[in-house]
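Here's a quick tour for anyone meeting this fold for the first time. Have a look at the sequence and the model, then read on.

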Amino acid sequence: MHPQRMVDDHGKMLDQMKPAAQAMGVKVPDGPSKGAMKNMDKMKSLSGDAFDQAYIKDMVKDHKKDSSEFKQEAQSTQDPQLRQLVMQSSQIIDSHLQQIQQIAQTKGTSQKAKM
């Protein structure tokens, strides 16, 4: 999985959800969270195999969390438009999760996702 594909896919998901979020009065973040910024700073100090291992573990962890949250939202929302958007996004997230799990197995990264 190429990191740029992940960025593109997540950017598209955000663009699709912005109008629904705004209609519901939900503030859309304008950048990464403080935790994400801290993690990015940590990643900047790594290179080679250390970077690969940290990146893979982080992507598995994040996609597991996102997958769980999106599935929960799909079950709990009453808004049909939001449910459709969340279900579409959930499928993309699950696809990313499967791909990063395969990479983790290939690279021997110990963290595996449980669905």
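Which helices do the buried residues of helix 3 pack against? They pack against helix 1, helix 2 and helix 4.

## Before we start

This is a predicted model, where local features need pLDDT of at least 70 and side-chain atom pairs count only at pLDDT 80 or more, while totals for chains, interfaces and linings use all residues. Residues are numbered from 1 along each chain as its sequence is written, and side-chain values use heavy atoms, with hydrogens and water left out.

## The overall fold

The protein chain has four helices and zero strands, in the order α-α-α-α along the sequence. Helices (H or I, at least four residues) and strands (E, at least two) are DSSP runs, numbered from the N terminus. The C-alpha trace spans about 45 × 30 × 20 Å along its principal axes.

Of the contacts with a separation of 6 or more, 67% join residues 24 or more positions apart; contact means heavy atoms within 4.5 Å. Buried residues make up 29% of the 115 in the chain, where buried means under 20% relative accessible area, exposed over 50% and partly exposed in between (1.4 Å probe, protein chains only).

## Helix 3

Helix 3 has 29 residues and reaches 42 Å from its first C-alpha to its last, close to the 42 Å expected at 1.5 Å a residue. That expected span is 1.5 Å times one less than the number of residues. Its buried residues include Asp58, His63 and Ser67, along with Phe70 and Ala74.

## The nonpolar cores

A nonpolar core is a set of buried Ala, Val, Leu, Ile, Met, Phe, Trp, Tyr and Cys residues joined through side-chain atoms within 4.5 Å. The largest one here has 10 residues, among them Met6, Met43, Tyr55 and Leu97. Helix 3 and helix 4 are the elements that give two or more residues to this core, and helix 3 gives the most, with five. Apart from it lies another core, of nine residues, including Ala20, Phe70, Ala74 and Leu85.

## The largest pocket

The largest pocket has a volume of about 1,700 Å³. Of the 38 residues that line this pocket, His10, Leu14, Gly31, Pro32 and Asp66 are the closest to its centre. (A pocket is an open set of points on a 1 Å grid over the protein atoms alone, where a 1.4 Å probe fits, with protein on both sides within 12 Å along at least five of seven lines; lining residues have an atom within 4 Å of a point. Points are joined across faces, edges and corners, and the volume is the space filled by probe spheres set on them.)

Helix 1 (3-23), helix 2 (34-44), helix 3 (48-76) and helix 4 (80-107) each supply at least two lining residues.
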